[in-house]
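Trainee: I have the chain open and would like to go through it piece by piece. Can we begin with a helix?
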Amino acid sequence: MKCLVCKHGKTQEGTATVTLEPANVTVVFKDVPAQVCTNCGEEYIDALVTQRLLRSAEEAEKAGVEVDIRHYTSIASPPLAKGGRGGIENAQRLPQSLGNPPQSPFG
Ligand SMILES: [Zn+2]
């Protein structure tokens, strides 16, 4: 389709990196299918895809995550296993519980 921003370029199939901040969570989605303008680089993302991203961001928020990076391929196919948790690979975890600030024993 024709780009709505620069009105010169045309869009073609590509991928985008999308950052969502619905509430108290920031989720970065990589490899999101998008129409990308060949002229200005504007990214157009399908409404259905956006819905999936929002839902995934809500999951992250419920899990108590503040910042997360997800690949669209890992959320595109919802886990169908019954009673299944952990359908998504959770390789990236911030070491939040390791927060021991260095303190001098000499006060
Ligand atoms: Zn454009």
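Trainee: Which residues are buried in H1?

Mentor: This is a predicted model, so everything here is computed from it. In H1, the buried residues are Leu53, Ser56, Ala57 and Ala60.

Trainee: How do they sit when you look down the axis of H1?

Mentor: The buried residues of H1 fall within an arc of 105 degrees, so they line one face of the helix.

Trainee: What do the buried residues of H1 pack against?

Mentor: They pack against E1, strand E2 (26-37), strand E4 (67-71) and helix H2 (72-76). Take Ala57 as a case: leaving aside neighbours within four places in sequence, Ala57 is in contact with Leu20, Pro22, Val25 and Val27.

Trainee: How many residues has H1, and what does it span?

Mentor: H1 covers residues 47-62, which is 16 residues. From first C-alpha to last, H1 reaches 23 Å, close to the 22 Å expected at 1.5 Å a residue. Just after H1 comes Gly64, with a positive phi of about 80 degrees.

Trainee: Let's step back. How many helices and strands are in the chain?

Mentor: The chain has 2 helices and 4 strands. Along the sequence they follow the pattern β-β-β-α-β-α.

Trainee: Which way do E1 and E2 pair, parallel or antiparallel?

Mentor: E1 and E2 are antiparallel, paired over 9 bridges. They form a hairpin with 5 residues between them. If you want a pair to look at, find Glu13, which stands opposite Gln35 in E2.

Trainee: And E2 with E4, parallel or antiparallel?

Mentor: E2 and E4 run parallel, joined by 5 bridges. Lys30 has His71 in E4 as its bridge partner.

Trainee: That leaves E3. What does E3 pair with?

Mentor: Strand E3 (residues 43-44) pairs with E2 in the antiparallel sense, over 2 bridges. Val36 stands opposite Glu43 in E3. E2 and E3 also form a hairpin with 5 residues between the strands, and Gly41 in that hairpin has a positive phi near 85 degrees.

Trainee: Which residues make up the largest nonpolar core?

Mentor: It has 12 residues: Val18, Val27, Phe29, Val32, Ala34, Val36, Cys37, Leu53, Ala57, Ala60, Tyr72 and Ile75. E2, H1 and H2 each supply at least two residues of this core. E2 gives the most, with 6 residues.

Trainee: How much of the chain counts as buried?

Mentor: Of the 107 residues, 14% count as buried.

Trainee: What about contacts across the sequence? How many join residues at least 24 apart?

Mentor: Taking contacts between residues at least 6 apart in sequence, 59% join residues at least 24 apart.

Trainee: Why does Asp31 count as partly exposed?

Mentor: Because 15 other C-beta atoms lie within 10 Å of Asp31. The buried class needs 20 or more, and the exposed class needs 12 or fewer.

Trainee: What is phi for Lys7, positive or negative?

Mentor: Lys7 is not a glycine, and its phi is positive, near 60 degrees. Lys7 lies in the segment before E1. Lys7 counts as exposed because it has 10 C-beta neighbours inside 10 Å.

Trainee: Where is His8?

Mentor: His8 is in the segment before strand E1 (11-20).

Trainee: Buried or exposed?

Mentor: His8 counts as exposed, because it has 11 C-beta neighbours inside 10 Å.

Trainee: What does His8 touch?

Mentor: Not counting residues up to four places away in sequence, His8 touches Cys3 and Asn39.

How values were computed
Residues are numbered from 1 along each chain as its sequence is written. This is a predicted model: local features need pLDDT of at least 70, side-chain atom pairs count only at pLDDT 80 or more; totals for chains, interfaces and linings use all residues. Two residues are in contact if their C-beta atoms, placed from the backbone, lie within 7 Å. The expected span of a helix is 1.5 Å times one less than its number of residues. The arc is that of the directions from the helix axis to the C-beta atoms. Two strands pair if DSSP finds at least two bridges between them. A nonpolar core is a set of buried Ala, Val, Leu, Ile, Met, Phe, Trp, Tyr and Cys residues joined through C-beta atoms within 7 Å.
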